[in-house]
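Below is a note for a colleague who is new to this entry. Please read the points with the structure open.

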Amino acid sequence: MTILTEMGLFAYPILAIALAILIIAGKKFRDLYILRRVVRRQSEEHTLNAILVLAVIMVAVGFTATIMGFSSVMRVILTAREIDPAVVTRSIASSLLPVIVSLLALSVSSIVWFVLRLRFMSLIEKTDSRDR
Amino acid sequence: MDRFTALLNRISDRLTLPQPQKQRILQEMADDLDFLYQHYLSLGYDEEEACRRAEEKVDADEDTLELLVRLNESSLSVFLRRFSLKSRQRMEIALWAVIACMPGVVLLSDNPAWGADELSAFFYPAAAVASIAFILSLRKIYELYIRREHVISKLHRFMPVILMSGAQCMILGFSGFFFELRDGLLKITLHIGDPAPYLASMMQKSMSILAFCTVATAITGLVWLTLTMKILGLEELEKSFILTDKEVRS
């Protein structure tokens with residue numbers, strides 16, 4: 001909860017994207033590992049790639065949040081007559097949180113995407129050789 | 001989809017391509033076949049007739065297959081094919097020279113050796129990922145340059161993993177950089193007194209992880225590019241060999 005509060009408003013789009021990634025990955029995991037169901041369709045591959053695209057969008061949102069955080073801190077420094085340096089460092093540290101969270105999410109999502117994609121390709125190959 | 005298996009197998013046999021590209025083309029064709037089949041069913045044809053008509057539309061001649069192969073090539077392959085095989089071989093040698101020089105430049109630069117307490121927590125996962133890329137690259141170099149037993153379907157094996165490891169290294173590098181900045185700033189906030197040691201430690205940790213990951217990613221990327229060029233050349237040689245073989249037989 002503290003992390004969410006610290007990330008501010010941008011926590012919500014990042015959370016929403018993370019949730020979407022989780023749902024897609026969960027569905028794909030069920031299809032490819034539990035049901036072992038694979039359909040040779042371009043749209044199936046696109047759904048898989050959506051995991052990576054959403055993760056990249058999440059990083060973009062994270063960077064935007066960080067830059068906007070920096071900008072707010074700078075504005076406060078410029079307008080305030082006297083400011084405690086601890087407040088400044090604390091605010092900059094908080095601004096860095098969204099980009100750290102989104103980059104770590106990208107790292108995990110890209111591994112998930114890679115593993116699911118390998119499984120997808122291997123299942124298609126298996127289906128092909130069985131059909132032959 | 002099973003109803004089109006025979007046609008897809010026939011096309012698959014005629015495509016002399018690495019497996020991932022072949023898979024992509026067949027996937028597109030299967031998609032088109034299914035779409036056409038549904039379309040003919042909606043027009044009122046029975047299943048057999050709809051299937052026959054869809055197959056008739058999609059069954060490709062040699063020229064169409066050639067065009068499909070070209071369309072499905074990655075933009076990197078298309079770009080690299082602009083150069084002749086000879087110039088690509090020269091580029092390959094130049095790239096290997098650059099790769100060999102990079103660790104030397106890093107070692108010769110007057111960076112002090114970092115102790116374990118001066119390293120970021122992100123250094124260990126990044127080093128593990130870089131090691132994976134390094135081991136797989138060595139194995140691929142052994143397969144392509146030393147053993148030279150080329151199985152066309154296995155030429156691209158491990159290549160995506162090498163590329164993925166490079167990308168992971170970069171992501172971990174940036175994550176580590178921002179994490180160490182944040183960690184250092186929080187320490188400075190909580191600490192009363194001279195913030196200089198914390199500031200120095202923060203800069204050292206964040207810069208070292210970023211430098212390590214950037215160099216590791218650059219080397220991995222260059223190795224991947226050079227190996228891809230080698231594989232492309234081998235595929236072309238194999239293709240020309242198959243074509244001359246076919247011509248001799250006919």
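1. A salt bridge is here a side-chain nitrogen of Lys or Arg within 4 Å of a carboxyl oxygen of Asp or Glu. Arg90(A) and Glu6(A) form such a pair through their side chains, at 3.8 Å from N to O. The two residues sit in distant parts of the chain: Arg90(A) belongs to helix α4 (residues 85-131) of chain A and Glu6(A) to helix α1 (residues 2-7) of chain A, 84 residues apart. Arg90(A) is partly exposed, at 37% relative accessibility. Please keep in mind throughout that this is a predicted model.

2. Glu6(A) also takes part in the contact between the chains. Its side chain meets that of Arg182(B) in a salt bridge of 2.7 Å, N to O. The count of salt bridges between chain B and chain A is one. The pair is also listed as a polar contact between the two side chains, at 2.7 Å. In total, five residue pairs are in polar contact between chain B and chain A, with both residues at pLDDT 80 or more.

3. Where does Arg182(B) sit, and what does Arg182(B) touch? The residue is found in helix α8 of chain B. Leaving aside residues up to four places away in sequence, Arg182(B) touches Glu6(A), Ala93(A), Ser94(A), Leu96(A), Leu97(A) and Ile100(A). Its relative accessible area is 13%, so Arg182(B) counts as buried, the limit being under 20%.

4. The contact as a whole takes 33 residues from chain B and 32 residues from chain A. About 2,900 Å² is buried between the two chains, and 61% of that is on carbon and sulfur atoms.

5. Which elements of chain B give two or more residues to the side that touches chain A? They are α1 (5-14), α2 (19-42) and α8 (159-190) of chain B. Of these, α8(B) gives the most, with 16 residues. By class, this side of chain B has 18 nonpolar, nine polar and six charged residues.

6. Chain B itself has nine helices and zero strands. Of its 250 residues, 40% count as buried. Taking contacts in chain B between residues at least 6 apart in sequence, 75% join residues at least 24 apart.

7. Over all chains the count of salt bridges comes to 10. One of them joins the side chains of Lys27(A) and Asp31(A), at 3.7 Å from N to O. Lys27(A) and Asp31(A) are four residues apart in helix α2 (residues 11-34) of chain A, which means that about one helical turn separates them. How exposed or buried are the two partners? Lys27(A) is partly exposed, with a relative accessible area of 46%, whereas Asp31(A) is buried at 4%.

8. In chain B, the side chains of Arg157(B) and Glu143(B) meet in a salt bridge of 3.4 Å, N to O. This pair also links distant parts of the chain, 14 residues apart: Arg157(B) is in the loop between α7 (123-147) and α8 of chain B, and Glu143(B) is in helix α7 of chain B. Arg157(B) is partly exposed, at 35% relative accessibility, while Glu143(B) is buried, at 8%. Both residues belong to a network of salt bridges that links Arg139(B), Lys140(B), Glu143(B) and Arg157(B).

9. How many disulfides does the structure hold? The count over all chains is zero. Cys213(B) is buried, at 0% relative accessibility.

10. A polar atom of the side chain of Thr220(B) lies 2.6 Å from the backbone oxygen of Ala216(B). Not counting residues up to four places away in sequence, Thr220(B) touches Ala133(B), Ile162(B) and Gly166(B). Thr220(B) counts as buried, at 9% relative accessibility.

Definitions and conventions: Residues numbered from 1 in each chain as written. Chains lettered and ligands numbered in written order. Predicted model: local features only at pLDDT ≥ 70, side-chain atom pairs only at ≥ 80, totals over all residues. Heavy atoms only, no water. Contact = heavy atoms within 4.5 Å. Buried area = accessible area lost by both parts, 1.4 Å probe. Polar contact = N/O pair within 3.5 Å; in protein donor to acceptor, adjacent residues only side chain to side chain. Nonpolar A, V, L, I, M, F, W, Y, C, P; charged D, E, K, R; others polar. Disulfide = S-S within 2.5 Å. Buried < 20%, exposed > 50% of the residue type's maximum accessible area, 1.4 Å probe, protein only.
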